Every structure is written in structure tokens, then in C-alpha cells.
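Subject: Handover of the two-chain model

Dear colleague,

Please find below the structure that I am handing over to you. My notes on what was found in it follow directly after it.

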Amino acid sequence: MTSEAYPAWSEPFRTEQRDGLARKGPFRDDAESADWLSASGEGVTVVIIDSGVDGDHPAVGGRLVRSLRVEISEGDGEVVEDEGGDDVVGHGTACAGIIHGLAPDAELISIRVLDPNNKGKGLAFAHAIDWAVEHKIPVANMSLSSRSEQLYATFHDLVDQAYFADCLLVCSASNYLGDASYPSVFSSVVSVAAHDIPDPLTFFYNPRPPVEFGAWGVDVPVAWLGGSNIIATGNSFAAPHIAGLLARLRSAYPDATPFEAKTLLARAANRGR
Amino acid sequence: MVKGGSRDLSSDALAILREIAVRGETAVRLDTDPEMALLRTIVDATVGIFAAEAASIALLDEASGNLRFVVAAGAQGQPVVGMTIGPTQGIAGYVFSTGESIAMADPAQDPRFGRNVADQTGYVPRSLLALPLEDGARTLGVLEVIDKRDGPFTIQDIETVTLFARQAATAIKVSARARDLRAVLADVLRSADDSASDAAVDELVSAATRRRSHDDRFWAFVDAIATMRHVSVSDRDLAIELLAVIGRHRTAGGRDSSGRLRSLRR
């Protein structure tokens, strides 16, 4: 099942394909009723599972409240404080900046899953998700994925736990064409690929699997290392747009379950189609 | 047959395994490197498709854990060949360590990129696309494309280059497998006996591939022959003649080298 070819992740969100997103379900006349879109993310904590976050970057707005990292040793892992935590690449700061831009009052926690030795990557992701579930985090952004078939069952179990613990796991689809990327392919996460409309508030719902939501991910101005900014393209930068919007949603409806949150998100989508 | 390790194999069988291992390693050393030729074709094609200034492939060096740029194409590509970077360093390191591809405009804005690549090569790119070369869940290296002629890289460009990356990864995987004589030998031994324990197979493989110290000169000799790939045809002919002379000299018990040299000139 996991070896079948997946289509081009972003294909449903391309200009010439977007007519295919026309809504046939119960919400087709309902796109303007999203009161939650004006919320600020107040009272919501968003975890960024990535390369670390530079809390001093202006784009993060001083909202980074904690830096953690996953320590992997002898096939097991543990989430520990990341003393003097920083971003080892720039990617996590980019995601944090996008989320802060959309949900300025949300608090941000970074869990760094990349280490300079590049060890135990998939396992580190799993431990980070586990931490988010255990700490009842309402929104977690994962602009990373693993293609490790060995971790298929582990991720499957974890994302179901997240779903029932009301932890919205926002996962970017891999940019790597044709391979399943975990956990983004599971239906209990919020999977995201990129579109090219330069607007952080324009997003799409795709009723056909595997990717459910499309957000801006092409030529996005993002924060990077050392206070710098770059223009970047990738599904990695689409996911935090949806995470930021979900922080707004959770701020307006703290008790919304993942099912309800996805439904509200789908209902507010496709305005820019 | 394998179960008890080398003790259960006849000395003849072990000698044959040793001979296979020696011949295999000799073949590897003399190989003209079809893997590199294919990788070069891939970077050439990538540059052609995007009319890019450069394309390059960096591979993981298993020994050091670093990434080493092994091939490049395009006007600005050559300076990176031979360069080594850390596995999480710069854009290539990010792509390698996360397995995520990325396209960037003005990548020199990234301070790490500026310091480690652009400064060393003297070239500051306007746009960059980098993809992982993946073998299943394992990342083998990174394919980078710099400065597409027509504007920034798109998501569709990422998907197009993914096809090249996949081809490159397959080439590397197949080639690496063929080169890893220990792995090939272990596969053969396991296929001969499903119940063989890993330890027993390891012991046999070690027995067959163990090098004795006095073999060092033999490998130096093989390496010297390998360098002949790069010399002219006439130099190669000369080397063949010299080897023939030495061979005959040894056969004759080393009695009269000057006479045999004279007879060669005849």
C-alpha cells in the first residue's frame, strides 16, 4: 500500500487545476461565514517541529517562549531543553515567522529535531510529536517528513493519538514527487502543499487525497538565519500558513476538535480560487 | 554450510573466496567509473533543461560523514567540485539532513550560504534549487541547480528535477552495491544458506577479504595501472611493453634482463 505512486502534491492547487476544487458538498454557499479568521491566536500555543527557531529574529516578534530538542541515543529519544537554543539551518525560523505573521498573539515553542550529526531523524520527529500530544499542544507545525517505512506504524499510531488528544498536526507534503512521506499522508493530520498566489490568507481545500489543503508556498519572503530574510519555495512554507490560520481558529474556538477544525477550515477555503 | 564459520569451509573453498575477493577489488580499482559518468550526464542534462549557470551533485562521504561535491556542469559549476561541507551546513546540508527540497531566490542572503559556498567559489547565485538524492529512507546526497535563465524556480521545476535526482540516486545505489564486495559476498553466502547466522557470515566474509600486509605492494601496483586510464595511447602501449618485459624477465628467473630488452627493440 505504501509503495504506490503518489501524484504531484501541489497539482490540485495549480492555476489551471483550481477549478477542480469547486465545492460540491454542503458548504458551497458558506465561504464568507468564517468569523474565526479575524482572531489573533491569543491563548494558543503552536509547536514548531523543525531545525530550531531564532527567537531574536524580528519576524518571530519575541513570541518564542521555549526551545526544546530531541536527544537520540541508542535507538531511543528524549525531549530536553535546548540550552541556548538556536536554529541550525534557518528553516524553523522561516516557519515561525510565517506563523507569527498570521497569529501574532500565539505563543511559540520550538522542538529541534535536526542535530549536526544528522542521526535518528525520523525517530526524532516521532518523539517530538509524542511530546506535543503529551503536553496537549493545540497546533503543531511539521514542515518535515520521513520516508522511513520502518516508522510507518509508529507514525500512524502517533497521529491517531494526536487526533484524539485534539492536537492539530499540520504537515507539509514532501516536495519529493512520487513517494509517500510520513506523517503527511495520514488522514488524521492536516496535510498541506503549495500554491503560488502571493497571499497568506488564500488557501484551498482539496477533497481528493492525499493532500487536503493548499497554502502559499511559492516565492514566499521568509525569515532565515542571523536575522536575514530570503525568498523561498516549497511545501515547507505552505504548512505554516495553515498552522497560523489554525492558531486563529483555536483562539476563537479553543474546544474545536480536529474534525471540527478541519471542517471550519475547509468551509472558509477556496475564496481566491 | 556457512553456519560454523570459516572452520567448516574447506581450505580450497576459502582460497576460492579469497581469489574472488581479490579479483573483485582489482576490478573495482580498475573500473572506469560508470557511476560518475552517469552523474555527469545528469548534471549536464539539468543545466541544459533550465539553461542554468550550474548544476552539481554532492554525495555523503561515509568515512568523514561530510558532503563532497563530486560532479558539476555549467559555466559556474566547476569551482565546487572537490569541495567538502558538513552534513547540516548550508543549503545542501539542510536538504541532506531533512530530505526536503527547497528553491530559493537570492540565496546569498542566507549567511551560511554566503560564507561557505559563494565566498569560496567567487560566484553569488540569484536563484537556487536543491533536492535530496534518496534511496528509500536514506539520503545519499544532494543535487543543486543554480541560476535558471528564465526567472525563479517553481514547484513544477522541483518536480522535474526530482526525476533526475531519482535517476542519480538509483545509479549511486546500484553502483555502491556492486562496489561493496563484502556486502555482495555476504549476500551470496546468505543465499546459499538461509539459516546462516550474521556472525558466521561476517566471519567468512572477513576471512575471504582480509588483506595480508605484504599485499600492500600488490594494491599499489593495481592503483598504478588504474592511473593508465588517463595517459595517451602511446604511453599505454609503452607501459604494456614494459610489463611484458618484466613478466618475461620473471619467467626466465631474472637471469638476463639486458638481453631481453635488446630483443624487444628488434
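A residue counts as buried if 20 or more other C-beta atoms lie within 10 Å of its own, as exposed if there are 12 or fewer, and as partly exposed in between. Please keep in mind that this is a predicted model. By that definition, 34% of the 266 residues of chain B are buried.

Chain B in outline

Chain B contains ten helices and six strands. Among its contacts between residues at least 6 apart in sequence, 55% join residues at least 24 apart.

The sheet within chain A

Nine strands of chain A form an open sheet with mixed pairing, in the order β3-β2-β4-β1-β5-β6-β7-β9-β8. Its edge strands are β3 (76-81) and β8 of chain A, each of which pairs on one side only. At the β8 end, β8(A) and β9(A) are antiparallel and share two bridges; Tyr205(A) has Phe213(A) in β9(A) as its bridge partner.

As a general point, strands of a sheet pair through backbone hydrogen bonds, either parallel or antiparallel.

The chains are joined in this sheet where strand β11 (residues 229-233) of chain A runs antiparallel to β4(B), with three bridges between them. Thr233(A), for example, has Ala103(B) in β4(B) as its bridge partner. β4(B) is also joined to β5(B), in the antiparallel sense, by four bridges, and Ala105(B) stands opposite Ser127(B) in β5(B).

The interface

How many residues of chain B are in contact with chain A? There are 29, and they meet 33 residues of chain A. The elements of chain B that give two or more residues to this side are α3 (90-98), β4 (102-105), α4 (111-121), β5 (127-135) and α5 (155-179). By class, this side of chain B has 14 nonpolar, nine polar and six charged residues.

Nonpolar cores and helix packing

In soluble globular proteins, nonpolar side chains tend to be buried together. In this model, the largest nonpolar core has 139 residues, and those with the most contacts inside it are Leu169(A), Val170(A), Val192(A) and Leu246(A). A second, separate core has six residues, among them Ala196(B), Ala200(B), Val201(B) and Leu204(B).

Leu246(A) touches Val139(A), Leu168(A), Val170(A), Val190(A), Ala261(A) and Leu265(A), leaving aside residues up to four places away in sequence. Two of these partners, Ala261(A) and Leu265(A), are among the buried residues of helix α5 (residues 258-268) of chain A. The buried residues of α5(A) pack against α3 (152-164), β6 (168-172), β7 (190-195), β8 (204-205), β9 (213-216) and α4 (239-252) of chain A.

The axes of α1(A) and α4(A) come within 8 Å and cross at roughly 35 degrees, and the crossing is right-handed. Residues in this contact include Ile98(A) and Leu102(A) from α1(A), and Ala243(A) and Leu245(A) from α4(A). The residues of this contact comprise eight nonpolar, three polar and one charged.

Two loop residues with positive phi

Asp219(A) is not a glycine, yet its phi is positive, at about 50 degrees. Asp219(A) is in the loop between β9 and β10 of chain A.

A colleague

Definitions and conventions: Residues are numbered from 1 along each chain as its sequence is written. Chains are lettered from A and ligands numbered from 1 in the order in which they are written. This is a predicted model: local features need pLDDT of at least 70, side-chain atom pairs count only at pLDDT 80 or more; totals for chains, interfaces and linings use all residues. Two residues are in contact if their C-beta atoms, placed from the backbone, lie within 7 Å. Ala, Val, Leu, Ile, Met, Phe, Trp, Tyr, Cys and Pro count as nonpolar, Asp, Glu, Lys and Arg as charged, and the others, Gly among them, as polar. Two strands pair if DSSP finds at least two bridges between them. A nonpolar core is a set of buried Ala, Val, Leu, Ile, Met, Phe, Trp, Tyr and Cys residues joined through C-beta atoms within 7 Å. Axes are lines fitted to C-alpha atoms, for helices over the stretch in contact, and angles run from 0 to 180 degrees between N-to-C directions. A crossing is left-handed if the near helix is turned anticlockwise from the far one by less than a right angle, and right-handed if clockwise.
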